[in-house]
Amino acid sequence: MAIQGPEIKFDEYNMLLNECVNKRAVREGQRVHAHMIKTCYLPPVYLSTRLIVLYTKCECLGSARHVFDEMRERNVVSWTAMISGYSQRGFASEALHLFVQMLRSDTEPNEFTFATVLTSCTGVSGFELGRQIHSLIIKRNYESHIFVGSSLLDMYAKAGRIHEAQGIFECLPERDVVSCTAIISGYAQLGLDEEALELFRRFQREGMSSNYVTYASLLTALSGLAALDHGKQVHSHVLRCELPFYVVLQNSLIDMYSKCGNLNYARKIFNNMPVRTVISWNAMLVGYSKHGKGKEVVKLFKLMREENKVQPDSVTFLAVLSGCSHGGLEDKGLEMFDEMMSGGDGIEAGIEHYGCVIDLLGRAGRVEEAFALIKKMPFEPTAAIWGSLLGACRVHSNTDIGEFVGCRLLEIEPENAGNYVILSNLYASAGRWEDVRNVRELMMEKAVIKEPGRSWIELDQTLHTFYASDRSHPRREEVFLKARELLVKFKESGYVPDQSCVLYDVDEEQKEKILLGHSEKLALAFGLISTSEGVPLRVIKNLRICVDCHNFAKFVSKVYGRRVSIRDKNRFHHIAGGICSCGDYW
């Protein structure tokens with residue numbers, strides 16, 4: 001290049017830049033660019049666009065924009081390349097602003113421009129702009145294009161508009177693995193796990209060839225369902241298909257095994273990863289945290305520090321603080337919070353970290369300290385933080401603070417049924433039935449409906465779901481008969497129903513009947529009549545498990561010699577021989 005000097009023409013520059021792009025060789029590309037400038041060569045639109053592509057791929061957005069701004073002439077490809085550079089690097093507002101400039105320049109967007117810019121339509125304002133772009137897409141007849149359609153349905157799904165996303169998907173004249181994966185991912189990210197699983201099965205029947213992103217999305221859904229057998233099946237299928245084990249897929253497997261109660265499998269995958277990202281470490285830390293293994297959380301975090309290959313982020317500290325909270329390590333948790341506050345890692349404590357510490361203090365019974373921390377933290381307390389403290393007041397029977405917190409919650413979050421229920425629980429435990437009735441009347445007045453308790457158990461890759469006092473299951477008579485049999489048997493072994501979990505002022509016999517209809521008990525009864533002796537029972541609950549059901553599960557384990565695993569909204573409870581891994585601390 002130096003020898004030829006100004007003799008270099010388009011073909012040579014094109015060949016050199018393509019090689020630099022393919023190898024992401026930014027220094028060599030800069031030399032080519034410098035040679036153009038020194039020899040006063042004015043590159044045509046195509047070569048300037050190749051320079052933009054090179055710089056964006058090498059994360060030199062400033063250089064790319066400099067080239068773009070100096071272009072005397074631009075076409076749709078150069079505009080799209082620059083918009084894509086911003087979108088892929090997370091600069092959504094810059095990408096959207098540039099798209100508006102493009103429209104004002106009278107350059108007509110193509111399908112790749114629309115597909116690219118839609119990925120930046122996130123958040124409330126971004127989504128509104130995305131809807132306007134959707135109108136443009138319809139006017140220009142690009143809606144049925146596979147790339148544009150996939151980006152549209154992804155945008156709607158991420159905004160929580162899953163029905164609109166589904167409508168766009170169904171209207172696509174043809175579907176590829178990208179569009180199928182996008183709709184599965186949309187359902188899974190919104191917690192609509194059964195729908196995501198059913199869609200995957202449908203696409204499999206239609207002959208879809210899945211990629212690693214598809215399986216990662218499916219594993220997210222299986223994590224939500226805690227469907228361990230299905231998860232193992234997917235893992236085996238991935239191994240048989242010899243799919244490349246990208247980090248994102250391995251992270252999804254760690255998350256799935258952790259949420260399905262098998263930490264040993266999760267740790268095995270983690271240990272065998274050739275490269276770990278901060279997400280890998282966080283997934284494993286969160287797994288230990290949810291299982292109440294605080295000491296393992298601290299130990300793994302120490303290993304992360306010693307390896308010093310990946311820097312912890314704010315999520316890492318959230319996982320560690322949460323692990324200390326669930327594991328009863330309040331002093332260690334406070335020590336970790338102080339370490340974070342010192343600023344050595346360059347991470348500022350956010351409101352979520354304060355929330356973890358308040359939860360930690362509340363679980364430890366240090367309700368007054370938690371209340372004091374809320375008063376002096378540099379953030380306005382959220383409903384989640386007040387809710388955490390209210391739960392602690394309920395567990396530790398602190399009616400004074402609990403009543404203040406409960407009333408505050410009803411003011412700022414009047415539509416959340418859980419707040420009414422916990423406050424009712426607090427009043428009921430103190431025998432203040434008039435206050436319980438007042439809270440319930442307020443619920444009716446505001447038309448607030450409590451989310452029904454739901455538990456499910458997986459047997460032979462089939463999920464059996466039970467609601468409180470459920471009469472819909474095909475084997476309901478057997479289940480209720482078994483539950484009544486268990487009540488009698490456990491009472492003989494020392495079980496006493498905890499009637500403080502009943503929010504109604506009724507007689508003891510009626511309270512006992514209400515307690516026996518809790519969904520966890522029905523799922524456990526079904527598990528006992530449907531599995532062989534000694535087979536572990538794994539139950540999932542959509543809400544937090546009550547004290548009475550927790551005690552009931554301990555008797556199932558003790559009397560029948562079964563290992564019982566219950567995953568509720570907050571954490572795992574592994575019970576063996578009548579002893580729970582949570583140490584009755586949850």
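The model is predicted: local features need pLDDT of at least 70, side-chain atom pairs count only at pLDDT 80 or more, and totals for chains, interfaces and linings use all residues. Residues are numbered from 1 along each chain as its sequence is written, and side-chain values use heavy atoms, with hydrogens and water left out.

An open sheet of 6 strands has mixed pairing and the order 2-1-3-4-5-6. Strand 2 (462-467) and strand 6 (579-580) lie at the edges with a single partner strand each, so one side of each is left without a neighbour in the sheet. Strands (E, at least two residues) and helices (H or I, at least four) are DSSP runs numbered from the N terminus; two strands pair if DSSP finds at least two bridges between them.

Strand 3 (residues 537-541) is mostly covered, with 4 of its 5 residues buried (under 20% relative accessible area, where exposed is over 50% and partly exposed in between; 1.4 Å probe, protein chains only). Strand 3 runs antiparallel to strand 1 (residues 454-459), to which 3 bridges join it. W456 stands opposite I540 of strand 3.

With strand 4 (residues 564-567), strand 3 pairs in the parallel sense over 4 bridges. R538 has S565 in strand 4 as its bridge partner.
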